[in-house]
Amino acid sequence: VATGVAVSLDIAGTMQGNAEGSSVSDASVTAVSTTIGTEGGDGNDTIISDGAVISMATDASATAVSVGLAVSGSMEGNVAGEALSDGSATADALATGIDGGTGQDIIDNWSSIYGDVNASAKTVAVGLDVAISIDEGGDASGGALSDASVTANAAASGIDAGEDSDEIDNRGDIALLANSEATGVAVSLDIAGSMKGDAAGNSVSDASVKATSTATGIDGGEGDDTIDNEGTITLMNGIGDDEIDADATAVSVGLTVSGSMEGNAEGEALSDSSATAGVMAVGIDGGSGIDEITNREAIVGNVDSSVSAVGVGVGIGITKEGNASGAALSDASVTASAAATGIDGGGDSDGIDNRGDIGLGAHADATGVAVALTVAGTIKGDNDGKAVSDASAEATSKVTAIDGGSGNDTILNDSLM
């Protein structure tokens, strides 16, 4: 568990001169958790596991909070202020029951392998700038920027043979669950005000969020591998499970308010939200090389991914006698993917002999909302406002019982799929 909090405050004020303030707040947090039941390491290893259970429970949690506040004020001079808030959180959780490592390994497993991996990352970034001038002719300008970057990765593997040519004989049941959750919130607020001078403000809010979950029952890795499986492989709680395995949420809000009694007023707001959630489960993965894969037991799995993003941009410019202009841009892009494969031969020419039933399911859900609003108002001058809103959402799900991959493969199936 890792937690970071950063708060920055700058206040600049003067009666007759110019006032300029800037505030920078940066919070970066990383949490990493790794669990390995049995590890072969480098070299040619022989691993025999005949215990009852290899059980793994791994959790990684990262939370970051960043707040930047700048306040600038002058009675008779110009005022300028900037507030920057940057928060990033990364959580990586990894669990492997048997890790052969590099070298030509022989792995003989009779134990049941259970893995429960969870990764959670959350970030809140807030940037607030206030610039006020009361002088006759004093200008006020301000800028606020908030950036929230969040990544959560959860990976679970029953048996990972690693590189080189390996032999795997598995007789134990394998049940794996990997869950990732990422949430990012970025808020920028800029207020610029002047009695008789020009007022200009801009706010930028960016939230980038990614959640990834992977589960692999048996992974041959690189090299020419021989894999013989006689244990049931259950991925993500199997068929009928509706729990979200990868969940990403991004919220971005940018608000700019610029006002002047007799001068020009200009306000710009940019809000950008992007979120990606991906989940992948593979029962038996031969990897690259010429592999021989024999499966005699059931492979079941159900994967679900969900992603949502909300982007809001509001630009307001108001003046009594000058010109008023405002611009707002809001962009929300989301991508959700879910893929489940029973047996994957990988690259090169492979031989696959399947005698076990394969039951798989995949579901992906993506939602994007973008809102842009511009308000430009004046009594005697010109006004101009622009608002652009763009929301894109993509959801893909894929289920493959047996995938030979590239090369000239020989596939024999004698079970339900």
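**Close-up legends, predicted model**

**View A. Asp348 counts as partly exposed, at 39% relative accessibility.** The model shown is predicted. Asp348 is placed in the loop between strand 18 (324-344) and strand 19 (351-354). Its backbone deserves a look. The phi of Asp348 is near 70 degrees, a positive value in a residue other than glycine. Most residues other than glycine have a negative phi.

**View B. Asp164 has a positive phi, near 70 degrees.** Asp164 is not a glycine. This residue is found in the loop between strand 8 (140-160) and strand 9 (167-170). Is Asp164 buried, partly exposed or exposed? Its relative accessibility is 35%, so Asp164 counts as partly exposed. Buried would require a value under 20%, and exposed a value over 50%.

**View C. Glu230 and Arg171 form a salt bridge.** The closest N and O atoms of Glu230 and Arg171 are 4.0 Å apart.

**View D. Asp228 and Arg296 form a salt bridge.** Here the closest N and O atoms are 2.7 Å apart. This pair, too, links distant parts of the chain: Asp228 and Arg296 are 68 residues apart. Asp228 lies in strand 12. Arg296 lies in the loop between strand 16 (292-295) and strand 17 (299-319). Arg296 counts as partly exposed because its relative accessibility is 39%. Which residues do salt bridges with shared partners join into one network? They are Asp169, Arg171, Asp228, Glu230 and Arg296.

**View E. The side chains of Asp353 and Arg355 meet in a salt bridge.** The N to O distance is 2.8 Å. How exposed is Arg355? At 41% relative accessibility, Arg355 counts as partly exposed. How many salt bridges does the structure hold? The count is five.

Terms used. Residues numbered from 1 in each chain as written. Predicted model: local features only at pLDDT ≥ 70, side-chain atom pairs only at ≥ 80, totals over all residues. Heavy atoms only, no water. Helix = DSSP H or I, 4+ residues; strand = E, 2+ residues; numbered from the N terminus. Buried < 20%, exposed > 50% of the residue type's maximum accessible area, 1.4 Å probe, protein only.
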